[in-house]
Amino acid sequence: MTPPQISSPSHLLSPGRRHLLRWVMPILLVLLFLMTLIWLPRQAQQMESSERQEQLIADSLWVEQAIRFQLSRDDESMRLIAREIVGEHLKKEQFRTRLNALLRNNREFYRVTWFNVDGKPIASTDDFPVARNALSAPSQQTEEHSRTIRRPLYSAPAVPPGIAEPVLMDYHIPLFRDHHYIGSVVASYSVSRVLNEMVPWWFAQDNEIVLTDTDDKVVARRTAGGPGLNVYTHRRELELPGLTLRLHTNSTKSAPKLLPNLLVGSVIVLSLGLLWSLWALWRDINRRMTAEDALVNEVSFRSAMENSLVTGMRARDLEGRITYVNPAFCKMVGISANELVGKIPPMPYWAPEAMDEYQERFSNVLAGRVTPQFETIFQRIDGERFPVLIFESPLVDQNGKQTGWMGSILDISDRKRAEDLNRMQEEKLQASARLASMGEIASTLAHELNQPLAAISSYTTGALNMMQNGALDPASLQPALEKINTQAQRAGNVIRSVHQFVKKREPERQPISIKSIVDNVTPLIELQAQQFLVVLQTAIPANLPNVLGDAVLLEQVLLNLTRNAIQAMAAIAPERRILRITAALDRHTSSSQSSQQAIIVSVIDQGHGIPPEVAAGLFSPFFSTKAEGMGMGLNICRTTIEFHGGTLTYANNPTGGTIFRFSLPAQGSAN
């Protein structure tokens, strides 16, 4: 049995119907297009008309608010004038001067008059003030009503009697002192000026603006752009104290018209759009090709630059994973880039002994806190440790979002070795300077040691004589033995102080007073001063704060400066050979140390001074004016003071000679 044939719907239609369908569909589509073409301009016309009306309403509201705001400001100014009159702070002689400045900036005012109780003008901005009874009838009625209710009121716009123009609107402010009426201040507005001054020019160019009263009587009109066409209009109520005005706006724009050449215009616009699109596409293609070429060149240049750097570069993401290293970094640690990129801590170049430091810094990286600059140690693939200086900065993408950290790593092994060598040389120079200082006072030290040694010899001889004579009485020997012990301790202290001064040692910074430093070195200064008949004077306040420093180094500075001062006075008159050491607290520091106090120590002599040709190289290494000098004394002094965070300077002494000053930060002041 043959199954029934199932025909498609198109086969169910007759040929005539299929032919009709082929024509109906295109016709319907064309009609739909034509209807759309007709509907769109009309819809656009209605939308444009609605937008114009809405824009007019919004602009009218803005203008109404602008007028209200300016009148409110004028009201405040007038009320202030009234309060000053009531408080007798504004005299009639000052009234016109005060009001003229206000009227120059606010041209909407016609005049401002101050009336007394009887309505006679006391003062006015007008050259010929009028009495209150010369005001318009609505203004006089408003004045009486304002006095009754004790509130400022606006009068209805009117032309005052005896003149044809302008239409004035008076603002009456009654004046009361101790509840007694003493007069009034009347500010007269020119209604036409209100429109001219308070309505923006751009709004007046497109609209006719009319002010009317509640009976629609025109009181002012502004037609800068011509009369309105009554197509787009709006009316706003302008409510003022005691007065209601109406603001009418009538646009000079006509109703939007249908485009007569809509299709032609559409074709032109579409053609221009197509041409612009083709030009924009061509421009973008050229820009893209130029950008790609520039990018290739930039990548090549960057690769060449990074490969030529001796500074190691390392990039990490926000999780601490290495994303990039340059050849200098790989050479520095002896590990290839393939082994480093993608690694997460712990890193193969971390030294085991510094693992805690690395882990702490890595935790800070994960928390988004990175130290911009720090020193640490790395190890090479062979285990060799080397110091590095690392600079870290954030990596951001084109949207300004941080994606990781970029670090620059410097191998500072050579710098460290140079610093160690420089420190050793500095220590040797300081030790040499101390030895040289002690050499100059060696003879005086010998004399100083001879005294206790001679006393010890004398007391010992006496004790031996007593023993030989058989007078071995412990009571008689005790004084001699005590004196021997005292003299031995004296000699030992001298030897110990000299040894402590000249021995090589590491600087130790600890709290110490300037007075103790001066007291410790005073005996050595006096030994040198005695040779040249120099008198030593000190003025060190006992209440100065301590400084944080190395006592021996600071004593060496004082000894060098005083030795130079003593030698500078060797050739002057004996009565002028006075060496002074003073100290004071400086409470006026520089802006860079605005919260820091410093102690200023001055070494003052009255010697021959410092010639200008010598001053230029005074602190230079190996510069000396003495035949036997090394030229390192002042250089070492300056280095020592700078090591303690201070400065060393000099100045001419007004009475002749030189003043050397050095400053030291006081302990406990802000750094």
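Is Trp350 buried or exposed? Trp350 is buried, with a relative accessible area of 7%, where buried means under 20% relative accessible area, exposed over 50% and partly exposed in between, for a 1.4 Å probe and protein chains only. This is a predicted model, in which local features need pLDDT of at least 70 and side-chain atom pairs count only at pLDDT 80 or more, while totals for chains, interfaces and linings use all residues. Residues are numbered from 1 along each chain as its sequence is written, and side-chain values use heavy atoms, with hydrogens and water left out.

Leaving aside neighbours within four places in sequence, Trp350 is in contact (heavy atoms within 4.5 Å) with Pro345, Met355, Tyr358, Gln359, Phe362 and Gln379. Trp350 and Gln379 are 29 residues apart in sequence, yet their C-alpha atoms are 6.1 Å apart in space.

The cavities are set out below; a cavity is a set of points on a 1 Å grid over the protein atoms alone where a 1.4 Å probe fits but cannot get out, and lining residues have an atom within 4 Å of a point.

| Cavity | Volume | Largest share of lining |
|---|---|---|
| Largest cavity | About 210 Å³ | Helix 10, 5 residues |
| Second largest cavity | About 30 Å³ | Helix 14, 3 residues |

Volumes are the space filled by probe spheres set on the points, which are joined across faces, edges and corners. Helices are DSSP runs of H or I with at least four residues, numbered from the N terminus.

Ile514, Ile517 and Val518 are among the residues lining the second largest cavity, and these three are also among the buried residues of helix 14.

Notes. Helices (H or I, at least four residues) and strands (E, at least two) are DSSP runs, numbered from the N terminus. On a 1 Å grid over the protein atoms alone, a cavity is a set of points where a 1.4 Å probe fits but cannot get out, and a pocket is an open set with protein on both sides within 12 Å along at least five of seven lines; lining residues have an atom within 4 Å of a point.
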